[in-house]
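Subject: Structure handover

Hello,

Here is the structure I promised to pass on. Please open it and keep it beside this email while you read.

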Amino acid sequence: MNRFFLRPLLGLCFVLLATKAAAHPIPDVPVRASFEDGGACRIQVEVDPRCFDLDPEIAPYLLNSALKTMPEAERAALLAQAGEFLKRTADFHFEPSGAFTPEFKFEFTTHNAQPLTKDDDPVVMTGNWSATVPTGSKGYQIYARPEGKLSVLFLNSLRGKEVSRTMVLFPKEKSFMLDLIGNSHELPPEKPAGSTTSAAGSGDDRTAGVTSLLKQGFLQVVARGYDFILFVLAMFLLGRGFKELFPQLVVFVGAHSLGLWLEALHGVHVPASIAQAGIAVGVIVLALANVLHSQCTWWRVALVAVFGLFPGFVLAHSFAALTHGAASLTLSLLGFHLGVELGLLAIIVVALLVTAWAGNARLFRWAVAVPGSVAVAAVGLWAIVGRIGWLSP
């Protein structure tokens, strides 16, 4: 194909990918259950209003400022919609008694059931259901319904201790069986096959939990980490050669890893809005630098090091939502982090394959790097404008 046709076609591909990169991550549906001595049970769910949109990726967050001005009838309708949405998303089971339908009482909060305090707090509907586990119940599990469109997070605690094993369920998937023996009114002598116990922490449970988080870390990058993808593209477009790409990747891995571990384990908190804006600024700076220079200099590596921290902070927010209060936090973080790096490798491999037709440095620069960088910088600017409120976020 003639290069004059390839250039606009490739530019369009970058614009489409970059536009996706400015979208919000797809919301998950966390389901947190706690079981206490005597059979007391509490299940908490979280429903993001964006779940109701035809395309949750591009739907804007409902902010507390908008909720304050919403008529009472609309607020009540949203809460009722959350209940109906959950019935289409997940089924709940006690074994051997079978399926049950929790009647959740929903209220408006921000993430992790925290109260709404600031105008820019994102609004979610948090539902709570409390009951007594049926006598003789051996286990508890959930099922992500086939008509559901979002993943469901399976999070549990037994007698005040977080179960280290978690799962990310996609439509049609079942969770493992959480063993309730010793926590119900009667104590059956046998243990459900494939269950995990309140002494969670065995090798099998930890391995399963880490594997689930590895998968989620990978998906946070390749399926939902649109800002992350855009940042990697801004680095890649400097040049495909070893001298241009390798130093940036080494520094970027170190930078976003530092940001991820600092926030996840050491409490160095950066608000999501600031972290996302930092990524967008970094994308613009790196992409415009590609147009002016085609060599990886020391100042280029320094820019990657500084702005590369912000993707790590954003990933830490996703990790915290997946492992709220989880045991074995360090091991969970290792699994999630490995998934992130595998996702980074996948992005680079795809980018190399897509641009393989640009066989020499000159063709790559003028047919790929320059038009692609302009498109990426433009979408980075769009993201910043949207986030400061001039356009819809």
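Is Lys172 buried or exposed? Lys172 counts as exposed, at 62% relative accessibility. The cut-offs are these: buried means under 20% relative accessible area, exposed means over 50%, and partly exposed lies in between, with a 1.4 Å probe and protein chains only.

First, the ground rules. This is a predicted model, where local features need pLDDT of at least 70, side-chain atom pairs count only at pLDDT 80 or more, and totals for chains, interfaces and linings use all residues. Residues are numbered from 1 along each chain as its sequence is written, and side-chain values use heavy atoms, leaving out hydrogens and water.

**Backbone points**

Stay with Lys172 for a moment. Its phi is positive, about 80 degrees, although Lys172 is not a glycine. Lys172 lies in the loop between β10 (167–169) and β11 (177–179). Strands here are DSSP runs of E, at least two residues long, numbered from the N terminus.

Asn112 also has a positive phi, near 60 degrees, and is a residue other than glycine. Look for Asn112 in the loop between β5 (105–109) and β6 (124–132). Asn112 is partly exposed, with a relative accessible area of 26%.

Next, a peptide bond. The one from Glu95 to Pro96 is cis, with omega near 10 degrees. Pro96 sits in the loop between β3 (90–95) and β4 (98–100).

**Two glutamines**

Gln141 belongs to strand β7 (residues 139–144). Gln141 counts as buried, at 12% relative accessibility. What does the side chain of Gln141 reach? It reaches the backbone oxygen of Ser175, at 3.0 Å. Gln141 is also in contact (heavy atoms within 4.5 Å) with residues beyond its neighbours within four places in sequence, including Asp91, Phe92, Phe154 and Met177. Take Asp91: it is 50 residues from Gln141 along the chain, and their C-alpha atoms are separated by 8.7 Å.

Gln44 is in strand β2 (residues 40–47). Gln44 is buried, with a relative accessible area of 12%. Its side chain makes a polar contact with the side chain of Asn128, at 3.0 Å. A polar contact is a pair of N or O atoms within 3.5 Å; within protein, one must be able to donate a hydrogen and the other to accept it, and residues adjacent in sequence count only if both atoms are side-chain atoms. Leaving aside neighbours within four places in sequence, Gln44 is in contact with several residues, among them Pro30, Val31, Ala113 and Thr126.

Best wishes

Conventions
Helix = DSSP H or I, 4+ residues; strand = E, 2+ residues; numbered from the N terminus.
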